[in-house]
Amino acid sequence: MTSDDADFVLLSDSSLEDPEQDQLGYADFAENLAETIERRIPRQDFVVGIYGQWGSGKSSILNFVEYYLEEQDESPLIIRFNPWWFSGQADLLRKFFDQLESGLGADSRFEDVRNKLSDFASSLSNIPVSMATGVPAEQVLALAGEALATDGEDLDRLKEEISQELRDADRRIVIMIDDIDRLTQDEIKQMFRLVKSVADFPNITYILAFDQNVVINALEGEQGMYSGEEYLDKIIQLPKHVPIPEQGALEDFFATRLERLLLESDPVFDPQHWQTVYQQGILPSLETPRDAVRLCNAIETSFASLKENINFVDLVAIETLRVFHRDVYEEVRSEPARFVNNRAYRSRRREDDEDYATFLDKILSDDAETEVVKELLSYLFPRVGEEFRKARQYRENRDTFRKRRRICHPDMFPFYFRETVPRGELSAAELDSILRFTDDTESFADELRRLSEEEGKAGRSKANTFLQRFSEYLDDLPDEDVEDVIVALFDTGDQLCAVDPSESMLDNGSRRFLLGILRELLRRVDQDDRCSLLQQAIADGNSPYLASHTIGVLMQEHGEYGADGVDEDQQLLKYEEIEKLQEVAVEKFDETADGGELLTTPHMDTVLSRWEEWSETDRPQDWAEDATQSDSDLLQFVNQFIRQGNYASVAERGSIDYIDPRWLEPFLDLSTVEQRLAELDTDELEKWEIHTIETFKQGVEFLEEGNDPGEFETWSLSRRSLNS
């Protein structure tokens with residue numbers, strides 16, 4: 001509704017002034033009406049009605065009519081009055097006559113009329129409000145004449161003098177009254193009595209703009225008539241309805257505005273879904289220009305802060321719910337577990353939860369609206385679509401919901417309701433910026449280190465968030481970047497694991513994402529090149545734990561460490577190639593130990609065990625003996641062997657740290673460790689050091705009792721026994 005060269009700002013809900021701004025075909029209607037008023041409407045008092053619901057463009061049409069009337073050779077005098085500005089005030093009639101008197105001041109021919117109008121209005125304003133609004137219109141002047149007199153002349157005579165002077169002036173006056181339908185019922189009645197009986201002067205043409213249904217309801221029973229429609233027909237001599245916008249005009253206005261948003265940025269856009277959602281879920285809600293303006297503004301406001309971080313079709317659909325179906329929107333916003341596409345959420349749904357159809361029946365009463373809402377919800381949330389059997393209409397790869405920034409993914413859901421990137425999340429721009437470094441090992445590694453120092457979600461770092469997201473973009477990674485990424489991961493892997501460690505048996509921290517990424521990328525490397533690439537990555541990197549863990553997983557593919565193994569064609573490396581990796585890993589372990597960094601390496605217990613297993617020397621034992629000479633280093637060493645497990649009982653859920661002292665046996669003498677820990681003064685130790693001693697002591701006690709401290713169940717049973 002704005003001109004093509006207008007600034008890209010939110011649309012005002014105010015009416016248009018210039019027909020050149022018209023995009024809906026209202027200008028032609030207004031021009032024809034202006035010509036009718038000028039050439040065909042008689043000079044005695046006449047009333048034109050423009051009927052249309054709120055937001056349909058009535059005010060713009062009045063502006064256009066005024067524009068075309070002023071272009072006439074002998075243009076009428078145009079006076080505007082908006083009673084809504086004075087709604088609630090007792091002197092509504094006086095405000096009208098004040099406006100009329102002021103408007104007539106533009107023509108010197110009406111100077112005497114203005115004075116008489118002032119007297120007329122003063123007399124009317126002295127009539128008690130109940131008298132003016134509580135009786136039939138014909139009686140108002142009679143009652144006023146009985147109660148008041150002005151210079152010896154009653155109101156009837158004064159009104160006749162005004163009428164005669166208006167005839168003599170011989171200039172048409174057009175009075176436009178807008179927003180009548182926003183008044184109270186009594187005020188609506190008062191305005192129509194004014195037009196019908198009080199200010200029904202010659203040479204005055206009224207153009208009244210209002211919602212016909214609202215006014216008819218207000219006029220029910222007026223003047224003893226049962227039908228408000230009949231009473232309205234007695235007043236309006238030329239009824240005109242706001243024309244239906246030109247075919248596709250409203251849609252073009254709305255679509256043009258959205259297209260400019262798409263061109264401004266680069267959000268995810270699903271053209272295969274857009275037309276169905278647009279035609280069946282969005283356009284039915286756009287009944288008036290005001291509807292289109294409101295929805296455009298809502299979309300643009302949210303888009304301004306989210307842009308490429310969201311799926312554009314999803315944003316338009318959820319904003320349609322917010323603007324036109326508020327109760328449904330609030331239900332979605334407050335109950336994400338019922339809508340998002342997540343197995344964990346799905347499992348929490350109670351048996352007594354109502355189905356989606358029942359939920360909509362409680363909120364919506366209109367069948368057409370219900371079908372529109374079903375369409376929107378079915379697209380936004382596949383779980384809902386399955387119930388309404390619309391899932392086939394929106395076929396898509398569910399595994400890429402997160403990548404395509406769909407609202408149905410639990411990680412993306414908050415974006416659409418906070419209108420900002422949630423704290424700890426990666427914006428699309430930041431993610432794209434990082435992905436540009438995948439062709440340079442050093443730069444990509446630097447980005448990973450930077451992310452590991454920034455706060456992410458749920459106590460994790462942003463590196464953890466990135467690794468999770470990166471998994472979704474591996475198919476887009478150029479083949480020539482695969483080697484650089486693998487080398488960078490082995491350079492930073494242990495730091496990433498240290499920052500975001502495994503917190504339980506069910507939470508592997510960043511190592512889960514690291515291993516998954518490595519496996520996927522290795523499959524893209526030629527079979528003959530995989531071993532040499534991994535040898536280089538392990539040797540040049542700084543991640544002895546990631547090296548040991550990766551090699552261990554590769555060995556499991558061959559049935560090692562109690563695994564079933566996989567078919568030969570599924571094995572990433574041959575066994576003899578894995579043995580070559582073990583040799584490189586041992587060299588890396590030696591190097592790390594010489595540098596004094598092994599004691600603080602993440603999962604040192606795993607590294608040490610693999611070092612002892614793959615080495616042909618006693619170097620691991622010698623290092624352990626030498627590295628634990630001080631009490632603080634011994635505590636650090638023991639602490640590295642403590643693991644964590646989750647338990648669940650009827651009474652509570654929680655986690656337990658546990659250790660099997662025998663895990664230390666290949667490296668240190670257990671009796672010596674036990675004696676040294678028992679001799680430490682706990683008053684001088686930190687909490688984690690005291691906890692390490694107590695946990696180790698408990699493990700020793702389990703051994704002495706004949707229980708297996710290496711089994712988590714032993715510790716869990718002990719906890720439950722204590723609680724009972």
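Begin with the largest nonpolar core of this predicted model. This core has 84 residues, and those with the most contacts inside it are Phe466, Ile486, Trp623 and Phe637. Select helix H24, residues 482–499: this helix supplies the largest share of the core, 9 residues. Then centre the view on phenylalanine 466. Apart from its neighbours within four places in sequence, phenylalanine 466 is in contact with Leu426, Leu431, Ile434, Leu435, Phe444, Leu448 and Leu451.

A second, separate core has 81 residues, among them Tyr68, Leu250, Leu261 and Ile299. Colour the two sets differently before continuing.

**The whole chain**

The chain has 34 helices and 7 strands. Of its 724 residues, 51% are buried. Among the contacts in the chain with a separation of 6 or more, 73% are between residues 24 or more positions apart.

**The parallel sheet**

Next, display the strands as a cartoon. In what order do the 5 strands of the open sheet lie? The order is E2-E3-E4-E1-E5, and the pairing is parallel. At the edges are strand E2 (77–81) and strand E5 (238–241), each of which pairs on one side only. On average, neighbouring strands of this sheet are turned by 20° against each other, direction ignored.

Select helix H3, residues 92–104, which packs on the sheet. Helix H3 touches E2, strand E3 (173–177) and E4, and the direction of the helix makes about 150° with that of E2.

E2 is mostly covered, with 4 of its 5 residues buried. E2 and E3 are paired in the parallel sense over 5 bridges. Show isoleucine 79 here, which stands opposite isoleucine 175 in E3. On the way to the next strand, 5 bridges join E3 to E4, and these two strands run parallel.

E1 is joined by 6 bridges to strand E4 (residues 204–210), and the two run parallel. Valine 47 has tyrosine 206 as its bridge partner in E4, while phenylalanine 46 stands opposite threonine 205 in E4.

Stay on E4 and show its side chains. In a regular strand, side chains alternate between the two faces of the sheet. Which residues of E4 lie on each side? Ile204, Tyr206, Leu208 and Phe210 are on one side, and Thr205, Ile207 and Ala209 are on the other. Both faces of E4 are covered, and 7 of its 7 residues are buried.

**Aromatic pairs**

A search of the whole structure finds 31 aromatic pairs. Select phenylalanine 254 and tyrosine 278. Why is this pair stacked? The ring centres are 6.2 Å apart and the planes are at 10°, so the pair counts as stacked, because planes under 30 degrees apart are classed that way. The pair links distant parts of the chain: phenylalanine 254 is in helix H11 (residues 249–264) and tyrosine 278 is in helix H12 (residues 271–282), 24 residues apart. Phenylalanine 254 and tyrosine 278 are buried.

Tryptophan 623 is in helix H30 (residues 619–627) and phenylalanine 637 is in helix H31 (residues 631–639), so the pair ties together parts that are 14 residues apart in sequence. Tryptophan 623 counts as buried at 9% relative accessibility, and phenylalanine 637 is buried with a relative accessible area of 0%.

For a group of rings, select Tyr329, Phe339, Tyr356, Phe359, Phe381, Phe413 and Phe417, which ring pairs link into a cluster.

**Charges over rings**

Two arginine positions complete the tour. Select arginine 182 with tryptophan 84: the arginine lies over the face of the tryptophan, at 4.2 Å from the ring centre. Finally, select arginine 610 with tyrosine 561. The charged end of arginine 610 sits over the ring of tyrosine 561, 4.3 Å from its centre.

How values were computed. Residues numbered from 1 in each chain as written. Predicted model: local features only at pLDDT ≥ 70, side-chain atom pairs only at ≥ 80, totals over all residues. Heavy atoms only, no water. Pairing = 2+ DSSP bridges. Axes fitted to C-alpha atoms, helices over the stretch in contact; angles between N-to-C directions. Contact = heavy atoms within 4.5 Å. Buried < 20%, exposed > 50% of the residue type's maximum accessible area, 1.4 Å probe, protein only. Phe/Tyr/Trp six-rings, centres within 6.5 Å; stacked < 30°, edge-to-face > 60°. Lys NZ or Arg CZ within 6 Å of the ring centre and 35° of its normal. Core = buried A, V, L, I, M, F, W, Y, C linked by side-chain atoms within 4.5 Å.
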